[in-house]
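Here are my notes on this model, point by point. Please read them with the structure open.

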Amino acid sequence: MEVDDGNESKPSASPVAFSSVFDPSNPIGFFKSAFAFASQMAADIFDDNQEDKMENKILSLLDDIKKRKREKKDESEEEEDAENKRWRTSEADTKKPSHDDPLPPNKNNGLDMKNYSWSQTLGDVMVQVPVPLGTKKKLVICDIKNTSLRVGVKGQPLLIDDELFQAVKVCESYWTLEDNETVTILLSKCNPWEWWKSVVKGDRGIDTSRCEPGLRRLDGLGYEAERHMRKLLFDYGQKCKGLPTSDNCPEMLPKFIVHHPYLNLPPQSK
């Protein structure tokens, strides 16, 4: 006698053929037999395990659809955030600084501009304007007036042509051409106790609260060049007033420097 092992899989039952015959006298019995046969076949095809598998597959598909929707939503939000960030960055990059925002001054209480650089003490302003190398003095345009300044080279657009930030003493202001490549202008302030924010009105200004009195702007020119500039300034002012120059009265130049401490020269080396 063979022992039935519970672990062995049971052989699948062989399909049963439909054997009912339609009886016109009893059609209901035929249909009952047909429905019973169909039910049996469905039970054989869709057993419990298959129903569980089908349900799990459907649930898995639903979870996958939900997951894809979440991922798509997250991607859309990330793209929107990135676009907003690009827009904010672009807006910040294209925003130009306002002329109302003061800039920190350079070491000589001035500013380095596109066409020129300038510096100042409490008494005067020095402007240095680069011109093409080899420029002759007769080709230089430098018109210093009480409230305006024009600088350039003949035949070319003016490099400076505007109203001065404050009034200057024309008779004590002067310009010279250095090395045929730089026009150096010395403007004597009418108000020697006020820092200028800019040379001409409309240019970017500096933060005058950061200016330091006592700085000499002509140190970089060297002793001889600085001494020559002071002499030219003094002689020009004397000529405008109809007074003797330093060539006629050499003792007057040292007195002039003493009374204008912001023009002090470095001590001459022995």
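1. A disulfide is a pair of cysteine sulfur atoms within 2.5 Å. By that cut-off, the whole structure has zero disulfides. The model is a predicted one. Cys-142 is buried, at 16% relative accessibility. Cys-211 is buried too, with a relative accessible area of 10%.

2. Strands β5 (residues 148-153) and β6 (residues 160-163) run antiparallel and are joined by four bridges. Ser-148 has Glu-163 of β6 as its bridge partner. Six residues lie between the strands of this hairpin, and Gly-155 takes a positive phi near 85 degrees there.

3. How many salt bridges does the structure hold? There are three. Asp-143, Arg-150 and Asp-161 form a network of them. Arg-150 meets Asp-143 at 3.9 Å, N to O. Arg-150 also meets Asp-161, at 3.9 Å, N to O. Asp-143 is partly exposed at 25% relative accessibility, and Arg-150 is partly exposed at 31%.

4. Glu-163 and Lys-201 form a salt bridge of 3.2 Å, N to O. Glu-163 is in β6 and Lys-201 is in the loop between β8 (182-189) and α3 (223-241), so the pair ties together parts 38 residues apart in sequence. Both ends are partly exposed: Glu-163 has a relative accessible area of 39%, and Lys-201 is at 40% relative accessibility.

5. Leu-59, Leu-62 and Ile-65 make a nonpolar surface patch of about 260 Å². Leu-59 sits in helix α2 (residues 48-94). Leu-59 is partly exposed, at 43% relative accessibility.

Note on methods: Residues numbered from 1 in each chain as written. Predicted model: local features only at pLDDT ≥ 70, side-chain atom pairs only at ≥ 80, totals over all residues. Heavy atoms only, no water. Buried < 20%, exposed > 50% of the residue type's maximum accessible area, 1.4 Å probe, protein only. Patch = residues over 30% accessible without salt bridge, like charges linked within 9 Å, V, L, I, M, F, W, Y side chains within 5 Å. Areas by Shrake-Rupley, 256 points an atom, 1.4 Å probe, with all protein chains shown as cover. Salt bridge = Lys/Arg side-chain N within 4 Å of Asp/Glu carboxyl O. Helix = DSSP H or I, 4+ residues; strand = E, 2+ residues; numbered from the N terminus. Pairing = 2+ DSSP bridges.
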